[in-house]
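Welcome! Take a moment to look over the sequence and the 3D view, and turn the view around as you read.

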Amino acid sequence: MNHHQRILHIGRGLGLYPKSLPHISKIKKRQLPHNRLLELDFLRTISMLAVMMGHASSTYLHQETSIQFLSMNLASLLNQAVRFSVPLFLLLSGFSLGVGAKQTSYFSFLKRRAVRVLLPYLMWTMIYSLSNTGYHFSVWLDQLANPSWLLRTVLTGQSAPHLYFIPIILQCYLLYPLLKRWVDRWPVQSTAWAMAVTLLLQGCYTLHHFGIIVAPPPVYLWLTFPVWGFYFVAGMFLQTLDLEHLKQRCKENALPLLAMGGVLSVLYSAVSLRTGLLHAIKPELMVVTIWAFFCGIGVWEWIKAWPGLAAGVTFLSCHSMGIYYCHVLIIYFLHRFPRFLMGTSGMLLLFFATLVLSAGFTAVLSKMGNLIFQRNIARTD
């Protein structure tokens, strides 16, 4: 890897360059790649928007509103209906790793993932930790000087409500070569075993909630791969199927898939609110997530010809991780303004404002990174 390629690789990891940035030799002929799977971009965009809606709606769960459905206000319905977001991200990660994959060593694979995922995660962990102190640098520096606090924060992703996803996906990457051999050799059996393990562990949380299992699960069990592994392995399994045939079948059944998806979302939300289980560690979410995958593909096949949609989806997908990292910080900032706290309209305004500001912030960072990258090339050439 030469100097320019190394800069590009690190820049992508830090979120400065989108993943679709062309190779150094084609920098003057920049264009959108033709080999992107836009249905995956669409699903990734939906997942990112769902995560954002989950966080935007969390403040409004108990606010009274005239908009009710099955005794649920709109915020409660949306907050639970989008719980498939993180599981779908995991599924898409497992699926995407097998698309156009090249033979590489285990350590090369881990190095690439560390640059793309671990480095920006550490950077954003520090930013959110500073934010949590109210931007008191002395308190923040004292925290950083505490090895036990630093290790616990990094390993658990607890500096912000959405960063727990990163330690989980890093475990998936560590196990990916072994999982790939397993899925390649026994695709159905491996998926079934992963489902059984995830079902068992997630079921323990449900049974404990209802008092059937008295002893609580270990504190950090929910952050371990086995609790979430089904989604990642399911993505790897789905990648072994004939994608063109899958897209055609989903397109043919798009309307039934969408209708049933709506029913599942409402039922899932109603049951969650009735039982008080509001987190995403629930066996029934496995069904909702798989359904969302098929539903998303079917819907995309119907709407992909809409003018400008492919470009918009590609933009949001390329910047999805940058938006994912920064959107909670932007929500924190917007909560300072009373207009975003005024009922249902405030919640919806908060969601759209967060989307626009997060996408704009990430795009500006990407543009600045591209300019720095091209200036480095000009100087060395």
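## Two helices side by side

Keep in mind that this is a predicted model. Start with helix α5, residues 106–132, and helix α15, residues 320–334. Their axes come within 10 Å and cross at roughly 15°. Angles under 35 degrees count as roughly parallel, so α5 and α15 are roughly parallel to each other. The crossing of α5 and α15 is left-handed.

Which residues in α5 and α15 meet? From α5 come V117, P120, Y121, W124, I127, Y128 and S131, and from α15 come Y325, C326, H327, V328, L329 and Y332. Sorted by class, the contact of α5 with α15 has 11 nonpolar residues, 2 polar ones and no charged ones.

## The nonpolar core

Next, find the largest nonpolar core, which has 87 residues. Inside this core, the residues with the most contacts are L90, F165, I169, W228, F232 and F293.

Let's pick F232 from that group. Beyond its neighbours within four places in sequence, F232 is in contact with several residues, including L90, L97, I169, Y176 and F225.

## A residue in a loop

Finally, look at Y164, placed in the loop between α7 (147–156) and α8 (165–185). Is Y164 buried or exposed? Buried means under 20% relative accessible area, so Y164, at 15% relative accessibility, counts as buried.

What does Y164 touch, leaving out residues up to four places away in sequence? The list is V86, T156, G157, Q158, W222, L223 and W228. Y164 and V154 are 10 residues apart in sequence, and their C-alpha atoms are 9.2 Å apart in space.

Key:
Residues numbered from 1 in each chain as written. Predicted model: local features only at pLDDT ≥ 70, side-chain atom pairs only at ≥ 80, totals over all residues. Heavy atoms only, no water. Axes fitted to C-alpha atoms, helices over the stretch in contact; angles between N-to-C directions. Helix = DSSP H or I, 4+ residues; strand = E, 2+ residues; numbered from the N terminus. Parallel < 35°, antiparallel > 145°, perpendicular 65-115°, else oblique. Left-handed = near helix turned anticlockwise from the far one by under 90°. Contact = heavy atoms within 4.5 Å. Nonpolar A, V, L, I, M, F, W, Y, C, P; charged D, E, K, R; others polar. Core = buried A, V, L, I, M, F, W, Y, C linked by side-chain atoms within 4.5 Å. Buried < 20%, exposed > 50% of the residue type's maximum accessible area, 1.4 Å probe, protein only.
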